[in-house]
Structures are given as C-alpha cells and as structure tokens.
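Here is a short report for a reader meeting this structure for the first time.

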Amino acid sequence: MKVIIIIPAYNEEHTISKVVREIKDIFPSFDILVVNDGSVDLTGTVARKEECQVLDLINNLGIGGAVQAGFKYAQEYGYDIAVQLDGDGQHDPLDLRYLLEPILNRECDVVIGSRFIKGEGFQSTPMRRIGIRYFSAMILLLTGSKISDPTSGYRAFNKDVIKLLASSYPRDYPEPEALLLLIRSGRKIKETPVTMRQRTAGESSIRETKIVYYMIKVTLGLIMVVLKKQAESRRL
Amino acid sequence: MITVRLQILSIVIALSFTLTVFYLIKNDKLDLKYSIIWLFAGLVMIVLPLYPQTLVFASKLLNIMVPANTLFLVGSIFLICIVFSLTVALSRSSMRIKNLTQEVAILRNKVEKLNNHSMDPS
C-alpha cells in the first residue's frame, strides 16, 4: 500500500520542517508531499531540506487548489491512500493510524479526523464551533449523514476518491463542500476521533472577519452541489 | 430635438471609438472574440445620432416619455450584459490558470527528480 501525506502550506516556514519530521519519525515508509501554495516566505526552501517532495505552486491558489494539486500528484504516481494534513502543526501525526485503519480494512472510502467525538484537545473558538455545527446540520439535512466535524482538514482518501477529487475539487473553502460531493456520489465516509493542537504559528485560512462571507459562500456551494448532482442524475 | 453640434460631437466620439477598436484588433491587442460586441456598440453609436428618430420611435413603443431615458435603459442593459459576460470569461480563465499552475508544479517536481537522479552517481 503506497501512502502519501499531502501537506498544503502557505507561509509555514517555521512549522513545516517539524511537521514533516514528526511524521517521518513515526511512519518512515509514508511519502510526504508539501504543496507550497505560492508562499512569500521560505516554506519551499525549508521543506526541500526535509525528506519529502515539494510542489511549488507559482500562483497562490488557496487551500482548495493546493490540496487538489496534491491529489493530482497522488493520482499520477499511483498512490493507494492519500492523507491531507495541515502544515501548521495542528494535526497530530500519531492519529494517522486511526485515519488509515478503516480504509485499509475496506470499511469506507474516506476517513475524517474529528476533534468533537472525544472532545479532547483544542476545540476551536466558540464562534467557529457555531459555524461548524451549522454545516453539520446542513449536511445532515441534505444527505441524512451525521458528520460532527465537516470543516476538519485532517482526512484520508482511498485510490478511487483520489481520482475523483483530482478531477474536481472545490476552491475557496473546500472542506464541507468536498464532503457533500463525496457523500452524494455514494462514497462511504467514516469519522474517527483525533486530538487537535492549537496552532503554534500562522493564521487560520478563515479569519473571524470573513466568517459571514465564509458561511454564505459555503452554504451556496453546498446547495449547488445538490443541484448539480440532481441535474446529472436526470441526464442519466 | 438634437442639435447639429451634439450630432457631430456624438458621431466624432463614436467614430474614434470604433476606429480604436479596429486598430487594437489589427495589432492583436484585442481578441476578436471579445470585440465583436464593442464593434456592434460603436455602430449603434454612429447610427443613432444620424437618425435620432429611431430613438423617438423606440421610446413611443415602450411608452417612455423622454427619449434620453430609452438611451439610458438600452445603455445600462448593454453594460450589464458586457460585465456579466466578462465575469463568465474570468471564471473560465481562473479555472484554466489553476489547472496550469498545478500542472507546472507537478512537472517542475518531475524535472527536479530527474536532475537529482542524474547527479546521483549510483
């Protein structure tokens, strides 16, 4: 089983080597791909010194475009499992085994690391938790599936899903939308408890001031996924 | 009614606009695909001051009292259409740029791998 860890990184020169090393220490057989999303600092240079591959995006594409570049890479080199993990050190590599296990046992196609199942570790800010609950409720309403942490960026995907996401992945705030896309395409999703750490450096890709824009945008995105899918099934 | 002076001014502006569009297309500075609508607009701007009655006629047809308002209405609709079509074109372009950026990154990584490989003596 070829496993690749995709780490999207935008201006993470201070944390990226630590994140890569931490993973390599525990899982030396996994390949690591750092997607440097047009950083203006030395993220690319720092990452090259580590035992990993680096994709340098010449334009800043945002998290969606960066992660998709990782899926395209994973597809090109025939990886069986891809794990998406943040470059800021929020995600504990020790949890990787829990993310991989259900896919290795063929229990499901996608595993999401959720910080709310056990309620341990950093639980996000109250404002954000409201947003997360809202998306959770919306996905439940649209699909009947219960996902406790739909914005989590700690996820594992099997080969078939890598191929699907390489060809189409939402752009700006992709996590909830990608999830809905996968559920509606009939993929099996499982959540597993993970412990998130408070980020040591850098900023969230979603700032508090943008939260209203974020909510509206993702809501529309989710509705569009549903409409698109209906149009497609009607065509069949 | 429109004065001769305004008529001449309008036609001069419209003509120079249309010629500019022509000139830019000729020098490959403007894509023909996006310029046909502007050429059409230029044509309308030339014809309208020559036959101001068309505007009066159109206003009566639409029950608009002041012909100038018909002009504003048509102008606004035209501008909205242009801006909208540009947003569509922009979305398409940004999608293409995204795909190109990802492809370039993957190719660059491949070149890097090949270079490292050829430098490796083993």
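## Terms and model

Two strands pair if DSSP finds at least two bridges between them. Strands are DSSP runs of E, at least two residues long, numbered from the N terminus. This is a predicted model.

## The sheet of chain A

Chain A holds an open sheet of 7 strands. Their order is β3-β2-β1-β4-β6-β5-β7, and the pairing is mixed. Two strands form the edges: β3 (53–57) and β7 (189–193) of chain A. Each of these pairs on one side only. From one strand to the next, the twist averages 20°.

Helix α3 of chain A, residues 62–76, packs on this sheet. The helix touches β1, β2, β3, β4 (81–84) and β6 (155–158) of chain A. Its direction makes about 145° with that of β2(A).

Now take one pair of strands within the sheet. Strand β1 of chain A covers residues 3–9, and strand β2 of chain A covers residues 31–37. The two pair in the parallel sense, over 6 bridges. Which residue of β2(A) is the bridge partner of A:I4? It is A:D31.

## Strand β5, between two partners

Strand β5 of chain A spans residues 110–114. Is this strand mostly covered or mostly open? It is mostly covered, with 5 of its 5 residues buried. In a regular strand, side chains alternate between the two faces of the sheet. In β5(A), A:V110, A:I112 and A:S114 point one way. A:V111 and A:G113 point the other way. All of these residues are buried, whichever way they point.

β5(A) and β6(A) run antiparallel and are joined by 3 bridges. Here A:I112 has A:R155 of β6(A) as its bridge partner. With β7(A), the pairing of β5(A) is parallel and counts 5 bridges. There, A:V111 has A:K190 of β7(A) as its bridge partner.

## Salt bridges within chain A

Side chains of opposite charge can pair when their charged atoms come close. Over all chains, the structure holds 11 salt bridges. One of them joins A:K159 to A:D80, with the closest N and O atoms 3.6 Å apart. This pair links distant parts of the chain, 79 residues apart. A:K159 lies in helix α6 (residues 159–167) of chain A, and A:D80 lies in the loop between α3 and β4 of chain A. A:K159 has 45% relative accessibility, so it counts as partly exposed.

Helix α6 of chain A also holds A:D160, which forms a salt bridge with A:R187. Their closest N and O atoms are 2.9 Å apart. A:R187 sits in the loop between α7 (174–184) and β7 of chain A. The two residues are 27 residues apart in the chain.

## Where chain A meets chain B

The contact takes 17 residues from chain A and 15 residues from chain B. Together the chains bury about 1500 Å² between them, 50% of it on carbon and sulfur atoms. On chain A, three residues supply 27% of the area buried against chain B: A:I58, A:K72 and A:R171. That is more than any other three residues.

The interface has 13 residue pairs in polar contact. β3 and α3 of chain A each supply at least two residues of the side that touches chain B. The largest share of that side, 6 residues, comes from α3(A).

## Charged links across the interface

Across the interface of the two chains there are 2 salt bridges. How far apart are the closest N and O atoms of B:K110 and A:E76? They are 2.5 Å apart. A:E76 lies in helix α3 of chain A and B:K110 in helix α4 (residues 67–119) of chain B, so the pair joins two chains. A:E76 counts as partly exposed because its relative accessibility is 40%. B:K110 is partly exposed too, at 30% relative accessibility.

A network of salt bridges also links A:R48, A:D56 and B:E112.

Note on methods. Residues numbered from 1 in each chain as written. Chains lettered and ligands numbered in written order. Predicted model: local features only at pLDDT ≥ 70, side-chain atom pairs only at ≥ 80, totals over all residues. Heavy atoms only, no water. Helix = DSSP H or I, 4+ residues; strand = E, 2+ residues; numbered from the N terminus. Axes fitted to C-alpha atoms, helices over the stretch in contact; angles between N-to-C directions. Contact = heavy atoms within 4.5 Å. Salt bridge = Lys/Arg side-chain N within 4 Å of Asp/Glu carboxyl O. Buried < 20%, exposed > 50% of the residue type's maximum accessible area, 1.4 Å probe, protein only. Buried area = accessible area lost by both parts, 1.4 Å probe. Polar contact = N/O pair within 3.5 Å; in protein donor to acceptor, adjacent residues only side chain to side chain.
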